[in-house]
Amino acid sequence: MKMSETDDLEKRLDELDLSCLGDLGDAYLRKDFGPHVEALRILRNNDRDSLIKQLKANKRLLEKAVDQIAPLCVETFSDALVTLSSVNKSVEQIKGQSRSVTRIGEAADHRNEDLESSYYELAKATESLRILDLTEEVMWIRKDAQSELEHGNLVEGAGLLSRASQILATPPLNAIQALREEREGLVNQL
């Protein structure tokens, strides 16, 4: 598991040698500590010079500590910004990919609708061609039957007319009302 920036900063702060800050005493840790209160305390004290000297020494100790701590905080902050920037880029990439997936899905739906529509059109065209082929076959059979009958071949002519009648009775042709007269005519010829 990757260590977070906060954990890393705390670890690195613990590794710093800030033992010199122990010499500061508790004055700077008080909740009511403030520069004005401290200045008034020093001015009221008879031993001002030694307190000012101590204050300057404390200031140097604090500056030394800040010089050690500040670069770590800046580095950690910089690392956090890089991480945040990386996360933001990843989020934007994911959003972009999501938009692409949505567009692809919409295009696929549209293509599916086109494919479905084309399939039904193909089925209709195929059925129309089948009906035309069967109708043409019936016309040729009738011509052949007429020729056989004219030449006195009654059995062959009747067989051809029977075959034409069977073709006209198939489901695609039987449903066409316009061929009703043709069916009746064949039955009457038989």
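Visitor: Why is glutamate 63 called partly exposed?

Guide: Its relative accessibility is 38%, and partly exposed is the class between buried (under 20% relative accessible area) and exposed (over 50%), with a 1.4 Å probe and protein chains only. So glutamate 63 counts as partly exposed. A word on the source: this is a predicted model, where local features need pLDDT of at least 70, side-chain atom pairs count only at pLDDT 80 or more, and totals for chains, interfaces and linings use all residues. Residues are numbered from 1 along each chain as its sequence is written, and side-chain values use heavy atoms, leaving out hydrogens and water.

Visitor: What makes lysine 59 and glutamate 63 a salt bridge?

Guide: The term asks for a side-chain nitrogen of Lys or Arg within 4 Å of a carboxyl oxygen of Asp or Glu. Here the N to O distance is 3.4 Å, so the pair qualifies. Lysine 59 and glutamate 63 are four residues apart in helix H3, about one helical turn.

Visitor: How do you know that lysine 124 is exposed?

Guide: Lysine 124 has 52% relative accessibility, so it counts as exposed. Its side chain meets glutamate 121 in a salt bridge at 3.7 Å, N to O, and glutamate 121 is partly exposed at 45%.

Visitor: Why does the salt bridge of glutamate 137 with arginine 163 tie parts together?

Guide: The closest N and O atoms of the two are 2.8 Å apart. Glutamate 137 lies in helix H3 and arginine 163 in helix H4 (residues 154-168), so the pair ties together parts 26 residues apart in sequence. Arginine 163 is partly exposed at 41%.

Terms used:
Helices (H or I, at least four residues) and strands (E, at least two) are DSSP runs, numbered from the N terminus.
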